[in-house]
Amino acid sequence: MPASPFTSDDLAFLGSLLATAAREEIMPRFRTLHTVDRRRKTSSFDIVTDADEACEAAVLAALRARHPEAVLIGEEACTRDPALLDAIDDAELAFIVDPLDGTKNFASGLPLFGTMASVTVRGEVVAAAIHDPVRADTAFAIRGEGAWIESASGAKHRLQVAPAVPVDKMEAIVGTNFLPEPLRSEVNARLSRLGMTNWFRCAAHEYRLAAAGDIDALFYNKLMPWDHAAGWLLHREAGGYAAHHDGSAYRPAHRTGGLICTADRASYDAVRAALLG
């Protein structure tokens, strides 16, 4: 792959930008929302708040100033103009931003939400940052250079996925709510084949947990790029393996096909067999 137009200094700027936007636009609104502040998008589970919109506006404005040549793809902007997603594969440099992942948790007063951004070059994810506004720390990944978490004080430690374990010992995040029927019911009926399953309504934290070795497997179906591109790279650079449900490789332009993330290929095969048959 040709040299990336995105540097480690750019990643440091991106991480600082996410932290600043979260501190100034998200946290002052946390646990102060009223019913009128949350608005439905596609369903009662898919909502938007003033915090989502204000954070995205701040992040995209700063990125536009630093990278005027880049394609900027924000979740809320794509709600208004879905055609923005079509630019991912061909853009020389693109930023994909989820200003507030876990909006339902945020609006419910649950401190389990995050701010995510991934960087793509001609459709390949080359860098990622996932910020936790509550803990004020950020998980980073650079393609080919590993993944790490950095505290507000600057302390860093490397991220590493957990060692492989048998399926019946795995703790997994399994999101089945976007699976079509009858597949959804079939997968739900097989969940007991895994050791334990959860779903936190927040991909930002789910991917961070998997990259840190605290979750053994992730299973998703709907693949909007702002939900998965950053976490996919974080998990991969922490030593993990991931593929679509049919075994093909993930790319951020893919919005269907599901995704399974595990410690290695053998674990992927085992989870796929256990849940998909």
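This is a predicted model: local features need pLDDT of at least 70, side-chain atom pairs count only at pLDDT 80 or more; totals for chains, interfaces and linings use all residues.
Which order do the five strands of the open sheet have, and what is their pairing?

Entry 1: Residues are numbered from 1 along each chain as its sequence is written, and side-chain values use heavy atoms, with hydrogens and water left out. I then read the order of the open sheet as β11-β10-β12-β14-β13, with mixed pairing. Its edge strands are β11 and β13 (241-243), each of which pairs on one side only. Neighbouring strands of this sheet are turned by 15° against each other on average, direction ignored. Such angles are taken between axes, which are lines fitted to C-alpha atoms (for helices over the stretch in contact), and they run from 0 to 180 degrees between N-to-C directions. Strands (E, at least two residues) and helices (H or I, at least four) are DSSP runs, numbered from the N terminus. Two strands pair if DSSP finds at least two bridges between them.

Strand β12 (residues 217-220) and strand β14 (residues 259-262) are joined in the antiparallel sense by three bridges. Tyr220 has Leu259 in β14 as its bridge partner.

Entry 2: Seven bridges link β6 to β5 (residues 114-121), and the two run antiparallel. Val119 has its bridge partner, Ala127, in β6. The hairpin of β5 and β6 has two residues between the strands, and Arg122 in the turn shows a positive phi of about 50°. With β7, strand β6 pairs over six bridges, again in the antiparallel sense. His131 finds its bridge partner in β7 at Thr138. Four residues lie between the strands of the β6 and β7 hairpin, where Ala136 takes a positive phi near 60°. I recorded β6 as mostly covered, with eight of its nine residues buried. Buried means under 20% relative accessible area, exposed over 50%, and partly exposed in between (1.4 Å probe, protein chains only).

Entry 3: Is helix α7 largely enclosed by the rest of the structure or exposed? I found it largely enclosed, because twelve of its 13 residues are buried. Among them are Trp226, Asp227, His228, Trp232 and Glu237. Helix α7 (residues 225-237) reaches 18 Å from its first C-alpha to its last, close to the 18 Å expected at 1.5 Å a residue. The expected span is 1.5 Å times one less than the number of residues. Just after α7, Gly239 has a positive phi of about 105°.

I also looked up Arg208 in helix α6. Arg208 is buried, at a relative accessible area of 9%. Arg208 and Thr138 stand 70 residues apart in sequence, and their C-alpha atoms are 9.5 Å apart in space.

**Entry 4: backbone exceptions.** Most residues other than glycine have a negative phi, and most peptide bonds are trans. I listed some departures here. The peptide bond from Glu181 to Pro182 is cis, with omega near 10°. Pro182 belongs to the loop between β10 (171-174) and α5 (183-189). Arg31 has a positive phi of about 60°, and its place is the loop between α1 (8-26) and β1 (38-40). Because its relative accessibility is 57%, Arg31 counts as exposed. Arg201 has a phi near 60°, also positive, and lies in the loop between β11 (196-198) and α6 (203-211). Arg201 counts as partly exposed, at 31% relative accessibility.

Entry 5: Of its 22 lining residues, Gly15, Ser16, Ala19, Thr138 and Phe140 are the closest to its centre. Helix α1 gives the largest share of the lining, nine residues. The largest cavity holds about 70 Å³ of space. It is lined by 13 residues, and Ala162, Pro163, Asp216, Thr262 and Ala263 lie nearest its centre.

For both I used a 1 Å grid over the protein atoms alone: a cavity is a set of points where a 1.4 Å probe fits but cannot get out, a pocket is an open set with protein on both sides within 12 Å along at least five of seven lines, and lining residues have an atom within 4 Å of a point. Grid points are joined across faces, edges and corners, and a volume is the space filled by probe spheres set on the points.
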